[in-house]
Amino acid sequence: MTEQRKGGLKRSSWLTFRRRLILVRRLLVGPATSSELIEAVTLELRDQGYPGDAISALKHDLDSLKSEYNCQIRFQRRANKYYLSDLGELALLDMPDECMEALAFLDASFPPGTLVPEHANVRALLDRILMLLPPYRQREHRAHRGTITLQMAPGVPGAVNPKVFGVVKRAIERRQELAFDYRSNSPDMALVQHRVAPYAIFFSPEGHAYLDATPMEVIPPDTTPLRHAVYYRLDRMVEGSPRILSTMLPPERVRPHVYKLRYTLAPEVARRRDVATFFPETTINYQDDGSAIVTANVTNLWQARQILLRYGDACVVEEPQELVDMFHDTAEGLAEAYLGYQKPAPSRR
Amino acid sequence: MHKISAQPTATLRQLENWLPLAQSENHTQQWGYESHALEQLVVQALPNLHHAQTLQQARFVLWWYHWHTSVSLNKKE
């Protein structure tokens with residue numbers, strides 16, 4: 001064999017190897033038709049990918065992947081697509097034991113069927129990583145019980161409608177206003193229409209999914225503070241009601257109204273001088289009597305109230321007045337519920 | 001009950017979303033626009049503001065329109 005022919009063969013087997021790797025990579029992204037697979041190869045190798053009969057060459061490549069590397073690739077007639085269900089010998093990802101432990105931690109913390117992993121696609125990522133592990137590592141992983149887990153509240157499975165979630169997510173991505181009907185807590189107003197500037201979806205430690213938005217219009221008007229940061233529970237948005245409006249939003253939220261927060265923590269929670277900082281720009285001044293005066297900046301009073309309520313009666317808010325008023329309402333409500341206290345009419349706002 | 005509509009108040013809605021940024025620039029750069037003039041500036045800038053990918057780009061768009069407006073006013077004077 002001449003040197004030139006040897007070089008040609010080397011090049012040809014290198015191309016074949018690259019082509020097959022490209023096919024596997026494309027199938028790892030998701031099921032694909034023959035044309036999509038050929039397109040993926042052509043995109044990287046141009047006219048060197050499949051110079052002749054592309055369909056026959058593709059079938060040959062897929063057969064080789066199955067026979068030589070034991071890859072499980074199925075063709076589903078109904079969808080006209082190829083599915084990769086097992087990488088066989090091409091399961092190339094192996095990791096040190098510490099990383100396997102981290103994988104077990106994530107797997108145990110984000111079980112299938114719960115709110116956060118489903119909507120944030122954590123499960124899809126974990127399943128892909130597991131698929132890339134060689135069989136012996138997969139077996140080890142299945143046998144290994146995660147000893148450390150993140151304590152995530154499971155939420156209510158399926159409580160957030162996937163269509164609602166999808167529309168809200170698209171509105172944020174497109175930077176457009178969003179309108180939706182919202183189930184109010186108030187007994188006299190069942191449904192309220194909101195038009196908002198949406199900015200982000202987040203999951204609370206309690207397991208609820210929220211939209212962080214700036215309300216621009218509320219019909220009929222209620223106590224929602226317009227042009228302030230408000231968190232909306234996604235499961236309270238009426239199914240089918242969210243719609244994306246044409247109004248384009250600025251690239252980032254123009255900083256919402258900032259409230260100066262000041263509260264005093266009683267000695268029973270501050271004495272050890274290890275008070276948690278929950279808010280931006282927090283400063284803590286420990287007093288001689290064991291109490292602490294905390295100041296911070298907040299944009300969402302509702303959230304501030306929820307956080308500070310954890311302290312029970314060991315926390316007294318002094319600023320801003322709007323939050324003090326909210327605590328008055330809460331205190332009155334608690335007194336009504338537990339002590340039979342009657343609210344004076346008209347109720348204080 | 002009045003429904004939130006998609007179309008008739010489109011410009012007004014654009015204004016209420018972009019005006020806070022314009023107000024902040026008007027304040028920090030000391031442009032001195034009164035509310036009506038500032039609204040006009042935003043309305044003129046809207047088609048380009050929509051293409052801004054970052055807040056800084058949006059600021060540049062407003063600055064450019066402010067500069068353009070000041071030049072036009074100076075010429076008239």
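Colleague: Let's start with the overall make-up: how many helices and strands does chain A have?

Modeller: This is a predicted model, so keep that in mind throughout. Of the 349 residues of chain A, 19% count as buried. As for secondary structure, chain A has eleven helices and eleven strands.

Colleague: What share of the contacts in chain A between residues at least 6 apart in sequence joins residues at least 24 apart?

Modeller: You take the contacts in chain A between residues at least 6 apart in sequence, then ask which of them join residues at least 24 apart. That share is 57%.

Colleague: How do α2(A) and α3(A) sit relative to each other?

Modeller: Helix α2 covers residues 34-45 of chain A and helix α3 covers residues 54-69, and their axes come within 10 Å. On the α2(A) side the contact is made by A:Ser34, A:Leu37 and A:Ile38, and on the α3(A) side by A:Ala54, A:Ile55 and A:Leu58. By class that gives five nonpolar, one polar and no charged residues. The axes cross at roughly 90°, and angles of 65 to 115 degrees count as roughly perpendicular, so the two helices are roughly perpendicular to each other.

Colleague: Over to the five-stranded sheet in chain A. Which strands stand at its edges?

Modeller: This is an open sheet with antiparallel pairing, in the order β6-β5-β4-β3-β7. From one strand to the next, the twist averages 50°. An edge strand has a single partner, so one side of it is left without a neighbour in the sheet, and here that applies to β6 (230-233) and β7 (243-248) of chain A.

Colleague: And which residue of β7(A) is the bridge partner of A:Leu178?

Modeller: β3(A) and β4(A) pair in the antiparallel sense over six bridges, and A:Leu178 stands opposite A:Val196 in β4(A). β3(A) is also joined to β7(A), antiparallel again, by three bridges. In β7(A), the bridge partner of A:Leu178 is A:Ile244.

Colleague: What about β6(A): which of its residues partners A:Ala213?

Modeller: Strand β5 of chain A, residues 209-219, runs antiparallel to β6(A), and four bridges join them. In β6(A), the bridge partner of A:Ala213 is A:Val230.

Colleague: Now for the interface. Which element gives the largest share of the side of chain B that touches chain A?

Modeller: Here 20 residues of chain B are in contact with 18 residues of chain A. The elements giving two or more residues to the chain B side are α1 (10-28) and α3 (55-76) of chain B. That side divides into ten nonpolar, seven polar and three charged residues. The largest share, nine residues, comes from α1(B).

Colleague: Which strands of chain A does α1(B) lie across?

Modeller: α1(B) runs at about 75° to β7(A). The strands it lies across are β3 (176-183), β4 (191-203), β5 and β7 of chain A.

Colleague: Chain A also has a four-stranded sheet. At what angle does α10(A) run to β8(A) there?

Modeller: That open sheet has the order β9-β10-β8-β11, with antiparallel pairing, and its edge strands are β9 (283-286) and β11 of chain A. Neighbouring strands are turned by 20° against each other on average, direction ignored. α10(A) packs on the sheet, touching β8, β10 and β11 of chain A, and its direction makes an angle with that of β8(A) of about 10°.

Colleague: How are the buried residues of α10(A) arranged around the helix?

Modeller: They are A:Leu301, A:Ala304 and A:Leu308. What covers them includes β8 (259-265), β10 (292-298), β11 (315-319) and α11 (321-339) of chain A. Seen down the axis of α10(A), the buried residues fall within an arc of 55°, so they line one face of the helix.

Colleague: Last one, on A:Cys315: is this residue buried or partly exposed?

Modeller: A:Cys315 is in strand β11 of chain A. Leaving aside neighbours within four places in sequence, A:Cys315 is in contact with A:Tyr263, A:Leu265 and A:Leu308. Being buried takes 20 or more other C-beta atoms within 10 Å. With 19 C-beta neighbours inside 10 Å, A:Cys315 therefore counts as partly exposed.

Terms used. Residues are numbered from 1 along each chain as its sequence is written. Chains are lettered from A and ligands numbered from 1 in the order in which they are written. This is a predicted model: local features need pLDDT of at least 70, side-chain atom pairs count only at pLDDT 80 or more; totals for chains, interfaces and linings use all residues. A residue is buried if 20 or more other C-beta atoms lie within 10 Å of its own, exposed if 12 or fewer, and partly exposed in between; C-beta atoms are placed from the backbone. Two residues are in contact if their C-beta atoms, placed from the backbone, lie within 7 Å. Axes are lines fitted to C-alpha atoms, for helices over the stretch in contact, and angles run from 0 to 180 degrees between N-to-C directions. Angles under 35 degrees count as roughly parallel, over 145 as roughly antiparallel, 65 to 115 as roughly perpendicular and the rest as oblique. Ala, Val, Leu, Ile, Met, Phe, Trp, Tyr, Cys and Pro count as nonpolar, Asp, Glu, Lys and Arg as charged, and the others, Gly among them, as polar. Two strands pair if DSSP finds at least two bridges between them. The arc is that of the directions from the helix axis to the C-beta atoms.
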